[in-house]
Each structure stands twice: as C-alpha cells, then as structure tokens.
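This note is written for a colleague who is opening the model for the first time. The numbered points below may be read beside the sequence and the structure.

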Amino acid sequence: MSFPLLTATAALPALGAVATAAVPAARRTAAKWLALLVSLATLALAVVVLVRFDPDGARYQLTESHAWIKAFGVRYELGVDGIAVALIALTALLIPFIVLAGWHDADPLETGSRRWRPTQGFFALILAVEAMVIISFEATDVFVFYIFFEAMLIPMYFLIGGFGDRAHEHGEEAAATQRSYAAVKFLLYNLVGGLIMLAAVIGLYVVAGNFSLAEIAQARANGTLHMATSTERWLFLGFFFAFAVKAPLWPLHTWLPNAMQESTAPVAVLITAVVDKVGTFAMLRFCLQLFPEASKWATPVILVLAVISIVYGALLAVGQRDIKRLVAYASISHFGFIVLGIFAMTSQGQSGATLYMVNHGISTAALMLVAGFLISRRGSRLIADYGGVQKVAPVLAGTFLIGGLATLSLPGLAPFVSEFLVLVGTFTRYPAIGVVATFGIVLAALYTLVLYQRTMTGPVKPEVSAMPDLRARELVVVAPLIVLLIFLGVYPKPVTDIVNPAVKQTMSDVQKKDPKPEVEAAK
Amino acid sequence: MSAAAVHSLWTTAADPISKIDAPKIEYGQLSPTLIVVGAALVGVLIEAFVPRKGRYYAQVFVSAVALCAAFAAVVALAADGYGTTKAHIAAMGAVAVDGPALFLQGTILLAGLVGLFTFAERRLDPEAHGNRVDSFAAQAASVPGSDSEKAAIRAGFTTTEVFPLLLFAIAGMLVFPAANDLLTLFVALEVFSLPLYLLCAVARRKRLMSQEAAVKYFLLGAFASAFTLFGIALLYGYAGSVSYARIAQVVDGTVTNVDPALAGTMGNDALLLLGSALLVMGLLFKVGAVPFHMWTPDVYQGAPTPVTGFMAAATKVAAFGALLRLLYVVLPGLRWDWRPVMWAVAIITMLGGAIVAITQTDIKRLLAYSSIAHAGFILAGVIATSKDGVSSVLFYLAGYSFVTIGAFAVVALVRDAGGEATHLSKWAGLGRRSPLVAAVFAVFLLAFAGIPLTSGFAGKFAVFKAAADGGAVPLVVVGVLSSAIAAFFYIRVIVLMFFSEPRPEGPTVAVPSPLTTTAIAVGVAATLVLGVAPQYFLDLANQAGVFVR
C-alpha cells in the first residue's frame with residue numbers, strides 16, 4: 001500500500017493541534033513556533049499533493065479507501081480532483097500566514113488560573129480547523145465529508161467566541177457579550193444548515209444505500225439507482241441549504257458580518273477565506289454530482305439569489321462604518337460571484353468560480369490582515385477614526401491599497417481573471433443576469449476606494465500620527481500574498497491547468513455543454 | 001417449555017395434583033440477575049451484622065464484585081450464543097434470554113458499575129467531624145434539621161443501605177427488558193422502582209427537596225404502575241394469558257379457541273386497545289416521554305446527583321428495552337394502531353423536551369429536559385419496527401447511558417458552600433478556572449447535541465436512519481429540527497463556561513477520588529470511541545437485534 005498522502009495532509013495539522021494544546025502554560029512562544037512549523041510542514045505536504053497530482057489523469061487521484069462504519073455503509077474514502085487540489089493548496093498556504101498574523105492575538109491579558117492557556121488554545125484551534133477543512137476537501141464519501149463539515153463548527157465557534165479584538169468601542173464587557181453573540185449566531189446558522197443536511201444525508205442513504213460518490217454516480221449511470229424527481233429535489237435542497245449557509249448566500253448570510261466583525265483579523269480570514277470555501281466547493285462536488293437534474297431545476301432561483309448576494313453585499317459594504325464589516329459584506333458579494341459561476345453551468349463559469357475561490361482567499365487574506373494590523377495599532381474598527389495613514393505608515397497604506405484593488409478586481413491582479421471568467425461564462429447563457437452582476441464590480445470600486453480614501457488619505461488624524469509602519473513579521477505575512485496576487489493576475493495558467501479538467505468532468509455530470517457562439521446559433 | 005405450558009397449567013388446575021410439573025428454571029441463563037439479587041441480599045445482611053465502620057467498604061466491595069460477575073455472566077452467555085442462535089425463553093416462559101435482553105443487561109450492568117463508583121464517592125464534601133461523607137444523608141429517617149440528624153452526622157453515620165438498594169434496582173432492571181410475560185414485567189417494574197423512590201429521598205444536602213422529589217416520583221410512579229397493572233388485567237381478559245407469545249398469537253388471530261372462563265371478553269378488540277394503551281403508557285412514564293414526563297425535572301433535580309445519573313441512564317435502558325419487546329413481540333400485529341400514536345408521542349417528546357429546556361436555569365433540570373428530548377429521539381428508532389430499529393435503539397441507549405452518568409458525575413463536582421452549585425449562573429467562567437473539567441463537560445454536551453465524532457451523533461444517525469428506512473421521514477425532519485433547538489441550550493452552557501467572566505464568589509471544583517474520575521473517564525472514552533469507531537458496537541447491537549418469540 002502506498003503512503004496515505006491525503007490522510008497525512010489532514011492528520012498532520014490534527015496532531016499538531018493536539019501537540020500545541022499540550023504545550024505547558026508558561027511556554028507560550030514554543031506553542032506559537034510549533035503551530036507555525038506544523039502549518040509549514042502541512043504546506044509542504046500540500047505541495048507534494050500538488051506535484052503528484054496529474055491534471056490529465058483519473059478524475060480522483062491519490063485515492064484511499066478503507067472500511068469504516070459498515071453498518072452505515074460508510075467508507076473512509078479520500079481522493080482529490082483538480083478543484084480540491086487547488087483549494088487544499090490555498091488552505092495550506094493561508095494557514096501559516098494566519099498563524100503568523102495572529103502571533104500576539106491570544107497572549108493572555110489577565111492572570112487567570114495557571115492552567116488557563118489561551119495562546120495554546122488559539123493556535124491549536126486554528127490547526128484543528130485546518131485539518132478538518134482539508135479532509136472535507138478530500139472526502140469522496142458523503143458521510144465522511146458531513147462529519148468534518150459539522151465538526152469544523154466547534155473549533156471555529158471557540159475561535160470566534162473566545163478570542164476577539166482587544167480594543168472595543170464599548171469596553172471589554174460589551175465586547176465579550178457581542179463576541180459570544182456572534183459565535184452563537186455563527187454556530188446556530190451553521191448547525192441548522194448542517195442538521196437539515198443530515199436529514200438529506202440520511203435520505204440519500206435510504207435511496208442509495210451507501211455514501212460513496214463514485215458508487216452512486218456509477219449506479220446512476222448504469223441505471224441501477226433511480227431517484228424519483230421529487231426525492232432528488234428534496235435531497236438537493238437539503239444539501240444546498242447547508243452549503244448556502246456556509247458559503248454564505250443571501251438571505252442566509254447574516255451570521256458572517258457578525259462573526260467577522262467580532263473575531264480577530266486572522267480568524268476572520270480563516271472564516272471567509274478558508275472555511276466558507278468548503279460551502280462553495282461542496283456545491284460543485286456534491287450538489288452538481290449527486291443531483292444533476294435537481295441542480296438544473298434549481299438553477300434559476302439560485303442564480304437570482306447569487307445576483308442578489310452580489311449587489312446586496314456590495315451595496316451594504318458601501319454603507320459600512322466598520323472596516324471588518326465592510327470586508328465581510330464585500331465577501332458576501334464575492335461569494336455571490338462564485339455561486340453564480342458554479343450554477344451558470346458553463347465551463348468558463350465554473351473554472352472562473354474555482355479560480356475565484358482561490359483568488360478570493362488570497363485577496364481577502366491580504367486586505368483583512370492588513371486591516372487587522374491597522375486596527376490593532378489604533379484600537380478601533382471604525383473607518384471614521386482613521387485618516388491620513390498613508391503619510392505616517394506608507395507601506396501599510398500601500399499594501400492595504402493593493403489588497404483593496406485586488407478586491408475590486410483590478411486587471412493585472414488575480415481576482416480580475418476569475419471575475420472576468422465568471423461574467424463571460426454567465427453572459428453566454430444568461431445575459432440579463434450577467435448584466436446585473438456587473439454592477440457588483442462598479443460598487444466594489446466604490447466601497448474599496450472610498451474605504452481607502454477615508455482611512456489613508458486626507459489630513460493626518462492626531463490619534464494616528466504616531467502610528468508605526470508594518471513590522472518585519474507583518475511584512476513577511478503581507479508580501480508573499482501580494483506577490484501571489486500579482487503573479488496569478490498575470491499568469492493564472494498554473495491554477496487553470498489543474499482546475500479545467502475537473503470542471504469538464506463536472507460539466508459532463510450535469511450533461512451541460514457550453515452554448516455555441518451566437519453567430520452559429522443565428523443560422 | 002413455552003407459553004402454552006403456562007396456559008395449560010392454569011386451565012388444568014382442576015386435574016389431580018400429581019400432573020403439575022416441577023417448574024424448570026435455567027439457573028445458568030438467569031445467573032446475571034441471580035448474582036445481583038444474591039449480592040443485594042448479602043448487602044442487607046452486611047447492614048445487619050457488619051460493624052458500622054466496615055460497612056462502607058464491605059458494601060462497595062460486594063456490589064462491585066457482584067456487578068462485575070454478573071457482567072461476566074452476560075458476556076459468557078452471549079459468547080455461548082444465547083444472544084443469537086440459542087436464544088430462547090427461559091424460566092417457564094417468564095424470561096427471555098435473547099440478543100436484546102443480553103445487550104441491555106450488559107449495558108445496565110456497566111452503567112450500574114459506573115454508577116456505583118459515583119455512589120461510593122466520599123471526597124466531594126468536606127469531612128464532617130472527622131468522617132468522610134458521601135452524597136447520602138447520615139440517617140435518612142431523621143427529620144431534616146433536627147437534633148437527631150445532627151447527632152447522626154456527629155456520629156459519622158452514613159446510609160450504606162444505598163448499595164443494596166442500588167443492587168435491587170439493578171436486578172429489577174435486568175429482568176425488565178427480558179420479561180416475557182406481563183406479570184414478570186410488572187414485578188420487575190416494581191422491583192426496580194421502589195428502591196429508586198427510596199434512593200431519591202436520601203440526599204445529604206437539600207434534604208427537603210430530595211424528599212419532595214421522592215414523594216412526587218413515588219406518587220406519580222405508583223399511579224403509572226396502577227395504569228400498567230390495569231392494562232395487564234385488560235390484556236389478560238383479551239387473550240386469556242399473560243404470556244407475550246400467547247397474546248401475540250391472539251392478536252394475530254392464530255389462536256381462536258376461546259377459554260370458557262373468558263368467553264365474554266376474549267378477542268374483544270376494545271380490551272386489547274385499552275389494555276395495550278395503558279401498558280404502553282406505564283412504560284412511557286418510565287422513559288419520561290411527553291406527556292408522561294412531568295416527574296422528570298423535579299426528580300432529577302431533587303435526587304442525589306449520583307442517583308440522578310444512574311437513574312437517568314439505567315431506567316431509560318431498561319424501560320426502552322421493555323417497550324421494544326412489548327411492541328415488537330406482543331403487539332406487532334397491532335402496528336397500524338400504535339404507530340400513529342407513537343409518532344405523535346415521539347414528535348411532542350422531541351419538540352417538548354428541546355423547547356422547554358431552553359428556559360431552564362438549573363443544570364440538573366436542563367439535563368432532565370434534555371433526557372426527555374433524547375427519549376423522543378429513541379422513540380423515533382422504536383417506531384421503525386425493523387431489525388435496524390431495534391439495533392439502533394440498543395446502540396443509542398448504550399452510548400447515551402455513559403454520557404449521562406459522566407455528565408451527572410461532573411455536575412456533582414461543581415460545588416459551593418451550599419453543596420452542588422447547580423444554578424447555571426454559577427457555572428459562568430468555569431472554563432477559565434478549571435479548563436479540564438469544563439472541557440470534559442463540553443464533550444458530554446456536544447455528545448448530547450449530536451455533534452459528529454461523538455457517540456451522540458453515531459446514535460442519532462443510526463436511529464434516524466432506521467426511522468427513515470421505515471418510512472418515517474417527517475419524523476426525521478422533526479428530529480433534526482429539535483436537535484437544532486436542543487443544540488442551542490447545550491451550546492449556551494458551553495458559552496457560559498468558556499466565554500463568561502468567572503464570578504468572584506463562584507463555585508469551586510472538588511477534586512474527586514479515583515472513583516468519580518473513573519466514572520468520568522469511562523464516559524469520555526465511551527463517547528469518543530462510540531463516536532469515532534462505532535463499527536464493533538454497531539455490529540454487536542445488530543447481532544443482538546432479534547427478539548425471541
């Protein structure tokens with residue numbers, strides 16, 4: 001038997017989480033370094049996965065399959081396609097930056113019990129989330145996916161509720177209350193989504209008798225498994241609901257602004273750039289593959305919801321006074337684009353959506369982490385509390401600008417390519433929806449540039465006059481992300497090469513072909 | 001020897017006396033129960049003859065040995081094939097020795113053993129007058145607050161009678177799910193209920209509350225017993241027999257010869273419906289299903305916490321076992337009549353338990369309502385009426401009982417000057433002061449909530465799967481929705497423990513002896529093992545999923 005590479009990629013951060021949690025209370029710094037090392041080692045494993053993966057090979061590669069819970073028809077089955085590889089790489093790439101950016105976020109303030117170890121907990125939880133996200137990308141068994149999709153909520157919940165910004169406009173007491181509110185809201189939304197999915201998972205078992213993607217697909221192809229139309233639609237809705245909460249799609253999005261606002265910047269990045277991707281990824285892998293007919297049936301409604309997300313998220317982002325909330329609404333708008341690309345059912349759309357997941361991860365991480373550095377300096381999240389920062393901290397302002405420009409999809413930066421692909425993919429099939437979605441770009445320019453203008457330009461506010469520029473650690477976090485943004489903006493081929501074959505497969509699952517060019521159709 | 005033998009025994013009573021066979025009792029196959037009853041009797045003798053100083057150790061020793069021996073006997077019987085191929089009905093048709101019976105007996109014995117550890121814990125309260133004290137009153141008969149009570153405390157009395165009472169209760173519970181005729185069922189019901197009523201009354205702290213709980217439990221329990229007995233009488237009138245097999249045959253219509261003494265009533269469906277409704281009602285009372293759940297919160301809150309833990313776990317196991325056997329062996333022919341009713345009961349139990357739990361401010365009451373909601377989930381599996389349904393319920397019960405005992409053991413640790421600090425507000429910030437205890441409790445709560453990778457999820461999945469397979473999809477949907485509601489209040493406790501500031505005069509966490517530590521550790525281990533690698537236990541439950549008829 002070959003080396004179980006995929007298991008190792010998920011198990012390494014899991015073990016790292018346990019080890020980090022076990023570091024004695026006094027050795028805080030050791031815990032941080034341990035977490036960083038583990039995340040880097042995981043990145044190395046992810047790179048091995050990336051290298052070993054052959055884009056033109058079988059659909060699922062590096063597969064592993066072991067009996068797990070026979071009574072439920074569950075097998076521990078892992079395998080990656082191009083989409084999963086890209087997202088695993090993104091996850092493994094972002095975690096070291098998240099760890100590094102959150103280096104001081106969990107240093108204990110007060111002297112509690114000697115056994116109270118927030119720092120160890122913080123980094124252990126981040127690694128635990130990483131492990132669960134990676135295994136959800138790898139799972140080709142619906143049950144295995146579901147288990148980690150749900151279990152992920154618990155460490156995430158503690159990260160949101162247990163660690164927040166030091167500074168808060170209403171004092172520590174209010175901050176704790178709001179944090180716990182945000183955490184509970186996050187958990188309840190996702191738990192309800194997950195439990196509804198559980199009903200659908202059980203339904204799938206009743207219909208299909210097992211959970212293996214490959215087996216179910218095969219059974220459907222050779223006709224041994226027939227799903228009644230209404231059954232398929234109900235099951236699809238059960239799955240999609242959970243993923244739409246996670247993604248999040250309007251109108252199930254309201255937990256995200258609270259969660260991102262109250263958590264520390266690195267955790268906010270973890271939520272939006274890493275964890276939420278599981279939702280959109282799962283739409284591609286599970287909704288489209290398991291329920292192709294129902295997916296096509298639901299497409300019109302989902303597209304409308306996606307467009308509403310795009311425009312509504314962007315509009316609300318324009319109106320925000322809180323930097324982190326602004327980024328959260330911007331993310332909702334971007335998730336709208338991703339869902340739009342997935343359900344436009346064109347290969348450009350889906351390639352664009354996958355690419356968008358990667359690019360959104362990187363660009364949001366860059367913007368949010370710099371915003372986090374900014375907020376930690378001034379101790380306020382309110383846009384109005386800043387002004388003229390570019391004069392005192394030019395590097396910070398510059399990186400902030402690049403992150404912002406990436407968010408508004410400036411050509412030359414990575415998100416442009418994906419957004420363009422999504423829009424092209426949508427136009428060819430649904431021109432009206434494409435037109436409306438384009439407004440999202442205009443609004444993105446508005447909220448990003450206004451944010452930059454209000455915080456960075458203008459006269460220097462007295463409170464920010466002594467603001468130090470980015471430190472070495474912070475530069476190490478931001479610089480590689482910006483380099484990547486520029487690189488993938490100019491040369492996205494490495495990612496698209498990996499992703500495209502997988503997208504073709506998914507397209508053939510739903511039996512959709514790209515619409516032919518207009519001229520031909522006119523004949 | 002089967003049910004018919006009992007029947008003929010009664011109808012041929014007029015014949016010459018020499019025709020009565022000596023009853024044939026398979027002592028080996030009944031050994032688990034007999035061992036426990038024997039040990040309980042030894043316990044009574046210990047109370048009578050062993051000096052006060054030595055009683056505690058003698059009782060704990062005898063009880064632990066007996067429970068281990070009984071469990072070994074169950075394992076031996078199961079290994080011998082009595083759970084599968086050699087399953088049959090023993091003791092003149094009174095007791096079934098089959099898969100579900102052995103599985104549930106094993107679960108009850110293990111739960112009893114873990115429960116015994118929490119009963120025997122003597123390190124939680126500070127020593128009183130140089131004597132180590134447990135959770136039970138110094139002298140249960142003395143009036144609370146009276147001089148005689150003070151004298152008893154000063155003299156270092158302890159109520160070591162709790163150990164034989166525990167054993168008697170366990171013995172009754174062992175017979176309850178195995179009972180194969182209605183009279184045995186009723187006797188077993190009383191044998192395990194009466195000691196439990198007593199055990200509820202003997203808390204060391206908050207004695208009035210404890211006594212109140214016992215009185216409520218006793219009165220309502222007696223009421224429920226009366227219903228059960230009435231139901232038994234009606235069923236006898238219907239079938240002319242108390243034997244499960246015989247009643248089932250009459251229900252099926254395979255037996256039509258009318259007993260001349262019962263010619264007016266036999267085969268009368270009104271009797272059948274009323275009788276089985278009353279009987280099922282008595283059992284639903286014991287499992288704490290809505291609308292027969294009213295006793296649960298008060299009793300759970302008032303009873304000494306070790307008793308609550310044991311009772312919450314083991315009573316449920318025993319009562320669900322009996323309910324399963326009744327519905328699957330006696331009344332399968334009546335399926336179309338009881339299923340809609342049980343649907344309704346399951347739905348209101350799930351929703352009722354989950355919704356009312358939200359407003360609770362006392363941790364023991366909260367767990368009581370949560371146990372009601374869980375009874376609803378288990379009922380969903382009961383309703384499946386399939387082999388899968390039986391095995392999923394067995395698995396659920398096994399997982400649930402260890403979580404429950406562990407959770408109540410943790411509750412017993414959190415104390416302030418007035419004893420256990422059960423008010424939720426006192427639990428604020430517990431996670432900062434004692435991260436380990438809070439984390440363990442969080443694991444139990446997550447298992448209750450059915451989060452994946454815990455036994456709660458595996459059990460819930462098994463039960464819902466069986467229900468969905470049996471066509472009860474709406475029930476599953478209600479089930480997941482009430483799980484979501486339930487998750488809210490479990491999570492609320494976690495929030496309180498981890499994200500709230502500790503109160504300055506908050507409770508302390510007692511450092512327990514290895515006994516409670518073992519109970520909690522077993523709970524955590526069972527929670528995680530059944531959650532991550534449930535296959536072995538699911539297989540076990542699956543093999544045990546067939547009732548002997």
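1. Two strands pair if DSSP finds at least two bridges between them; helices (H or I, at least four residues) and strands (E, at least two) are DSSP runs, numbered from the N terminus. Strand β3 (residues 414-416) of chain B and β5(B) are joined by 2 bridges and run antiparallel. In this pairing B:Arg415 is opposite B:Thr508 of β5(B).

2. Some conventions apply throughout. The model is a predicted one, in which local features need pLDDT of at least 70, side-chain atom pairs count only at pLDDT 80 or more, and totals for chains, interfaces and linings use all residues. Residues are numbered from 1 along each chain as its sequence is written, while chains are lettered from A and ligands numbered from 1 in the order in which they are written.

3. On confidence, pLDDT is the predictor's confidence in each residue, from 0 to 100. Chain B has a mean pLDDT of 87, with 96% of its residues at 70 or more. Residues 1-10 of chain B stay under 50, and the model has 19 contacts beyond four places in sequence for them; two residues are in contact if their C-beta atoms, placed from the backbone, lie within 7 Å. Where pLDDT is low, the predicted coordinates should not be read in detail. For the complex, the predictor gives an ipTM of 0.84 and a pTM of 0.88.

4. Chain B contains 21 helices and 5 strands. Its radius of gyration, taken over C-alpha atoms, is 23 Å, close to the 24 Å from the globule rule (2.2 Å times the number of residues to the power 0.38) for 549 residues, so chain B is as compact as a globular protein of that length. Along the principal axes, the C-alpha atoms of chain B fill a box of roughly 75 × 55 × 40 Å. Of the contacts in chain B with a separation of 6 or more, 80% are between residues 24 or more positions apart.

5. Burial is judged by neighbour counts: a residue is buried if 20 or more other C-beta atoms lie within 10 Å of its own, exposed if 12 or fewer, and partly exposed in between, with C-beta atoms placed from the backbone. By this criterion 62% of the 549 residues of chain B are buried. Helix α7 (residues 182-200) of chain B has 15 of its 19 residues buried, so α7(B) is largely enclosed by the rest of the structure.

6. Which element gives the most to the side of chain B that touches chain A? The contact takes 29 residues from chain B and 32 residues from chain A. Helix α19(B) gives the most to the chain B side, with 12 residues. That side has 21 nonpolar, 3 polar and 5 charged residues (Ala, Val, Leu, Ile, Met, Phe, Trp, Tyr, Cys and Pro count as nonpolar, Asp, Glu, Lys and Arg as charged, and the others, Gly among them, as polar). Helix α19 spans residues 473-499 and reaches 37 Å from its first C-alpha to its last, close to the expected 39 Å; 21 of its 27 residues are buried.

7. The strands of chain B include an open antiparallel sheet of 3, in the order β4-β3-β5. Its edge strands, β4 (419-420) and β5 (508-509), each pair on one side only. In chain A, 6 bridges join strand β1 (residues 61-69) to β2(A), again antiparallel. A:Gln61 is opposite A:Val80, and A:Ser65 is opposite A:Glu77. The hairpin has 4 residues between its strands, and A:Gly73 there has a positive phi near 70 degrees.

8. Most residues other than glycine have a negative phi, and most peptide bonds are trans. B:Met92, not a glycine, has a positive phi of about 55 degrees; B:Met92 is buried, with 21 other C-beta atoms within 10 Å. B:Lys206 has a positive phi of about 50 degrees and is partly exposed, with 18 such atoms. The peptide bond from A:Ala247 to A:Pro248 is cis, with omega near -20 degrees, and a cis bond also joins B:Val290 and B:Pro291, with omega about 5 degrees.

Technical notes. The expected span of a helix is 1.5 Å times one less than its number of residues.
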